[in-house]
Amino acid sequence: MTSQQIKDLTGQYIMNTYGRFPVAIDHGQGATLWDPEGKEYIDFTSGIGVTDLGYGYQPWVDAITTQAGKLGHVSNLFYTEPPAKLAEILCKRTGESCVFFANGGGEANEGMIKLARKYSFDKYGKGRATIITLNNSFHGRTITTLMATGQEVFHNYFFPFTEGFRYAAANDLTSLEAAAGDDVCAVMMELVQGEGGVLPLDVEYVQAVKKLCEEKDWLLLADEVQTGVGRTGTLFAFQQYGILPDVVSFAKGIAGGLPMSGIMANEKCRNVLGPGTHATTFGANPVCAAAGLVVQETLSDAFLEEVKAKGAYLRKGIEELNLPCFGKTRGMGLMIGIEVKEGYNKSEIANKLIENGLLVLTAGPGMRLLPPLVITKEEMDQGLAIMEKALG
Ligand SMILES: Cc1ncc(COP(=O)(O)O)c(C=O)c1O
């Protein structure tokens with residue numbers, strides 16, 4: 001099919017819920033994608049932080065193919081090897097104790113919220129179910145995670161929403177203390193706010209929140225749906241904050257492009273969700289888990305150091321272009337935000353770059369780059385050259 005035919009068919013038969021760029025993608029290799037007519041795009045998006053191994057990564061393709069030929073799905077009523085091995089690796093690499101596998105980020109956060117409320121219910125009974133989240137956060141699109149999201153714009157249309165969320169300003173312990181109360185069971189945060197604009201939290205703030213949580217027996221819930229799985233240059237961002245959260249959610253990059261997510265919990269929370277309290281049909285799918293094992297094998301400590309170096313290279317390259325529309329860059333590893341100067345429109349910039357062959361994202365008031373973690377120096381240089389040509 002041609003790009004136009006794909007767009008027409010989509011318009012006719014798929015619900016119109018996405019503001020799509022006018023591009024159809026057919027195939028990819030490394031961090032480069034092609035449309036059906038053969039036009040090339042350098043990918044600074046990774047399918048919104050998902051395809052950490054890029055496209056056509058042979059060990060990933062082989063693992064999926066082999067596992068699909070062996071066993072595609074059998075349900076959680078039986079034991080299978082790939083998710084058990086993946087959970088072991090995640091725990092050993094992070095210090096967490098156990099994992100529950102799900103399918104998407106919002107669903108993982110639902111599980112994390114359920115765990116926090118049940119932890120408190122088991123210990124203190126009813127009336128202690130409130131979760132404090134941060135202004136400008138994003139936690140998902142379900143009725144509950146929309147409410148966990150600290151942005152008014154998302155609290156619309158779908159009433160009634162789930163009760164039990166209060167919001168505090170990021171990097172402001174006084175604001176968090178003001179939101180405290182006898183009804184609180186947990187604090188939930190992204191360590192780098194992604195959709196909000198790539199805004200890293202301060203280390204001192206996060207450590208102070210962890211201390212406050214310990215004092216009050218609140219659980220600290222880290223939403224690492226976007227920051228997790230190597231994106232920030234460590235396997236999880238919390239490893240750069242010197243804390244071990246009680247529960248961590250992950251999704252996006254965990255299986256390199258197949259739908260998989262989950263939560264990891266520490267020893268204190270190991271037995272909170274027992275048989276019958278939480279489940280999902282597709283969770284721990286063996287094909288997704290086999291893909292996840294390849295991701296873990298690839299993301300060695302040396303590879304993660306490279307992610308930090310690549311992030312620094314790209315940020316320096318962007319700042320040195322001195323483009324009239326861009327201000328400073330920020331972020332961690334290959335999760336990069338670019339300030340858009342007043343008088344310029346982020347969507348217009350994104351469209352211009354895409355027209356010229358560079359796929360980028362926007363977030364909050366600026367641009368957001370989430371390239372595949374395997375991106376090469378040549379591909380980064382090509383992307384920078386397109387920026388200069390399109391925006392210089
Ligand atoms: C931090 C964070 N949490 C949750 C989600 C929701 O994930 P999903 O779209 O897979 O449900 C996202 C998606 O962008 C996210 O960035």
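Lysine 316 counts as exposed, at 52% relative accessibility (exposed is over 50% relative accessible area, buried under 20%, partly exposed in between, with a 1.4 Å probe and protein chains only). Its partner in a salt bridge is glutamate 320, with 3.3 Å between the closest N and O atoms (a salt bridge puts a side-chain nitrogen of Lys or Arg within 4 Å of a carboxyl oxygen of Asp or Glu). Glutamate 320 is exposed too, at 55%. Both residues sit in helix 10, 4 residues apart, or about one turn of the helix (helices are DSSP runs of H or I with at least four residues, strands are runs of E with at least two, and numbering starts from the N terminus). Elsewhere, salt bridges with shared partners tie Lys123, Asp217, Asp246 and Lys268 into one network.

A word on the model: it is predicted, so local features need pLDDT of at least 70 and side-chain atom pairs count only at pLDDT 80 or more, while totals for chains, interfaces and linings use all residues. Residues are numbered from 1 along each chain as its sequence is written, and side-chain values use heavy atoms, with hydrogens and water left out.

The salt bridge count comes to 15. One of them pairs aspartate 301 with arginine 93, at 3.7 Å from N to O. This one links distant parts of the chain, since aspartate 301 belongs to helix 10 (residues 301-321) and arginine 93 to helix 4, 208 residues apart. Aspartate 301 is exposed at 60%, whereas arginine 93 is partly exposed at 25%. Glutamate 305 is partly exposed at 48%, and lysine 308 is partly exposed at 31%.

Then there is the second largest pocket, which holds about 910 Å³ of space. On a 1 Å grid over the protein atoms alone, a pocket is an open set of points where a 1.4 Å probe fits, with protein on both sides within 12 Å along at least five of seven lines; lining residues have an atom within 4 Å of a point. Its lining runs to 33 residues, with Asn76, Val99, Phe100, Phe101 and Ala284 nearest the centre. Strand 4 gives the most, 4 residues; helix 4 (81-94), strand 4 (98-102) and strand 12 (261-265) each supply at least two. By class, the lining has 22 nonpolar, 10 polar and 1 charged residues.

Definitions and conventions. Points joined across faces, edges and corners; volume = space filled by probe spheres on them. Nonpolar A, V, L, I, M, F, W, Y, C, P; charged D, E, K, R; others polar.
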